[in-house]
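Please find below a colleague's note on the model.

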2 protein chains.
Amino acid sequence: MVSQDNPPSEPRRARGRPRDWSDKTAQNTIKSLDRAMEVFEFLSEHQGKALTTLATETDQSPATVYRILVTLEGRGLVEFDAVEQLWHIGPRAFVIGARFLRRTSLVERARPVMRRLMEQTGETANLGIERGGQVLFVSQVETEATIRAFFPPGTLSPMHASGIGKALLAEMDDARLQRALAGKTLTAFTPHSITDLNALRADLAQVRARGYAVDAEERNIGMRCIAAPVFDIHQEAVAGISVSGPTSRVGLEDIERLSVAVRAAAADLSATLGG
Amino acid sequence: MVSQDNPPSEPRRARGRPRDWSDKTAQNTIKSLDRAMEVFEFLSEHQGKALTTLATETDQSPATVYRILVTLEGRGLVEFDAVEQLWHIGPRAFVIGARFLRRTSLVERARPVMRRLMEQTGETANLGIERGGQVLFVSQVETEATIRAFFPPGTLSPMHASGIGKALLAEMDDARLQRALAGKTLTAFTPHSITDLNALRADLAQVRARGYAVDAEERNIGMRCIAAPVFDIHQEAVAGISVSGPTSRVGLEDIERLSVAVRAAAADLSATLGG
DNA sequence: AAAGCCGTTTTCACGATATGAAAAATGCAA
DNA sequence: TTGCATTTTTCATATCGTGAAAACGGCTTT
């Protein structure tokens with residue numbers, strides 16, 4: 001299987017000789033590296049795979065996969081569990097990946113704001129950004145309650161079925177909204193999911209009007225989520241902040257109250273970003 | 001019933017033909033892949049590098065580095081910032097790396113670190129977190145000595161009278177410290193317990209300065225304990241690791257020596273958490 | 001404005017090296 | 001034991017990654 005193709009919009013303005021985008025077969029990618037990364041990605045998706053399985057499922061020879069794994073193991077990017085005889089993603093992959101967050105100081109700045117939000121509301125606070133047409137959850141502060149919403153950082157979720165996603169969509173103009181939803185089908189995860197484009201537009205208008213988005217069991221049954229957008233210095237919505245909790249604690253009558261805290265937190269964070 | 005008295009930390013052998021460990025030069029690693037991963041790692045360490053810089057500093061040809069970057073870009077593992085003309089770690093690297101955490105919990109990851117710590121020091125190693133204003137001991141590896149410190153996992157202990165507790169308190173800012181101690185009285189368990197708030201603050205300053213906390217018979221007469229904080233990806237102190245033993249073996253003159261091992265173990269564990 | 005500089009991307013020819021088949025070496029099951 | 005499954009190594013082959021240098025544009029300088 002070949003990797004994802006390049007985003008057609010936003011052409012790169014490189015300094016030197018421009019890239020030949022017409023060549024669809026991506027002539028100057030390194031095949032062996034791409035195949036190795038395919039194994040790497042595949043391994044991350046399916047934790048704990050044996051060599052043979054991995055070779056079969058990525059459609060490569062066991063010898064090649066073996067050498068890829070040994071090479072990556074040398075750098076700690078993958079690990080071999082001697083007891084279970086299985087390969088796993090290694091700690092170094094985590095360390096490297098986590099540095100993605102360091103680029104923008106967003107996550108660091110958000111930390112105290114999120115902690116305060118969690119303490120005020122008693123619910124798990126989340127921070128998410130848009131990446132590749134999906135919501136990427138980059139950070140969270142968990143509630144101390146035993147029943148809690150749990151989004152491991154690094155989780156991806158469709159925009160239309162997430163509070164943060166809708167908060168971000170609501171801030172886009174028509175052209176960007178069009179692009180963001182292009183080719184996407186509004187998948188239903190629960191009976192409450194929004195699957196109709198017009199319904200989504202209507203919801204987004206409401207979100208924009210009141211300043212916060214609600215995910216009422218649209219992604220997971222039994223979970224509600226209230227989100228607000230975070231603006232940077234250019235007044236662009238760069239992230240969303242939310243609280244999420246079980247319907248038992250986050251009732252429909254609690255939404256109004258919680259939204260105040262969420263919007264305040266989002267405004268706080270926006271302020272530290274110059275928004 | 002079959003009684004097994006096998007050494008606890010002996011790794012089971014691999015199923016197939018065993019690896020040839022004698023070959024120091026790691027003959028069956030893929031050179032090109034390793035070089036590519038070097039660029040990948042290097043990029044993660046130094047955010048925002050231009051192609052030429054990257055090529056110079058990893059000592060490879062610009063053409064090669066370019067192809068590596070374009071290949072990784074195709075999978076979202078790296079990103080090119082068109083505005084700044086710089087390469088960065090990409091979101092997919094974060095997504096993949098984050099899956100590392102799903103495999104094991106803090107406790108499981110701490111296990112080998114604690115075992116090594118116990119073997120180095122000869123004393124019982126403990127792992128504790130803060131929960132509801134107290135220290136919760138979640139795991140331990142016991143020494144083989146007959147006289148041993150024993151904390152059943154699940155034990156709760158006040159923060160001010162525990163090495164781990166003080167290591168955690170020392171990392172809090174004033175506001176959090178205030179809240180953590182709010183309404184708590186500094187109960188005396190032994191004549192050595194710290195009962196005065198100012199004395200505690202002074203001790204915490206010392207803890208922060210030298211990087212480890214000492215519980216010198218403050219909770220139990222005849223027991224000393226040396227603890228260091230464990231940091232997660234956000235550089236927040238999420239746990240503490242310690243060794244504890246009887247005063248007969250853990251003399252005041254041993255503290256300095258033991259603290260080295262404890263801090264090393266804490267740093268090790270922090271590293272696998274991304275700290 | 002034109003020319004020069006600089007960094008990026010592509011072309012091209014060469015040979016280093018990645019590759020798969022098969023063999024070797026082990027554990028596990030019968 | 002023998003057989004089967006799985007991992008690791010060997011080896012011959014040609015794929016494909018590599019570096020030098022040229023091509024291309026943006027940016028700066030005259």
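1. Arg75(A) and Asp34(B) form a salt bridge through their side chains, at 3.0 Å from N to O. The term denotes a side-chain nitrogen of Lys or Arg within 4 Å of a carboxyl oxygen of Asp or Glu. Arg75(A) also meets Glu41(B) in a salt bridge, at 2.9 Å from N to O. This second pair crosses between chains, joining helix α1 (residues 31-45) of chain B to the loop between α3 and β1 (78-81) of chain A. Both Glu41(B) and Arg75(A) are buried, where buried means under 20% relative accessible area, exposed over 50%, and partly exposed in between (1.4 Å probe, protein chains only).

2. The model is predicted: local features need pLDDT of at least 70 and side-chain atom pairs count only at pLDDT 80 or more, whereas totals for chains, interfaces and linings use all residues. Residues are numbered from 1 along each chain as its sequence is written, chains are lettered from A and ligands numbered from 1 in the order in which they are written, and side-chain values use heavy atoms, with hydrogens and water left out.

3. The contact (heavy atoms within 4.5 Å) takes 69 residues from chain A and 64 residues from chain B.

4. Between the chains there are 14 residue pairs in polar contact, both residues at pLDDT 80 or more. A polar contact is a pair of N or O atoms within 3.5 Å; within protein, one must be able to donate a hydrogen and the other to accept it, and residues adjacent in sequence count only if both atoms are side-chain atoms. Helix α4(A) gives the largest share of the side of chain A that touches chain B, 12 residues. Helices (H or I, at least four residues) and strands (E, at least two) are DSSP runs, numbered from the N terminus.

5. Within chain A, Arg116(A) and Asp268(A) meet in a salt bridge, at 3.0 Å from N to O. Arg116(A) lies in helix α5 of chain A and Asp268(A) in helix α9 (residues 255-272) of chain A, so the pair ties together parts that are 152 residues apart in sequence. Arg116(A) is partly exposed, with a relative accessible area of 39%, and Asp268(A) is partly exposed at 36%.

6. Chain A is divided into domain 1 (1-103) and domain 2 (104-272), with bounds from an automatic or database domain assignment. Their C-alpha centres lie 30 Å apart. Domain 1 of chain A and domain 2 of chain A bury about 540 Å² between them, 56% of it on carbon and sulfur atoms. Phe100(A), Leu101(A) and Arg103(A) supply 76% of the area that domain 1 buries against domain 2. Across this interface the rule finds zero salt bridges.

Definitions and conventions
Buried area is the accessible area (1.4 Å probe) that two parts lose on being put together, summed over both.
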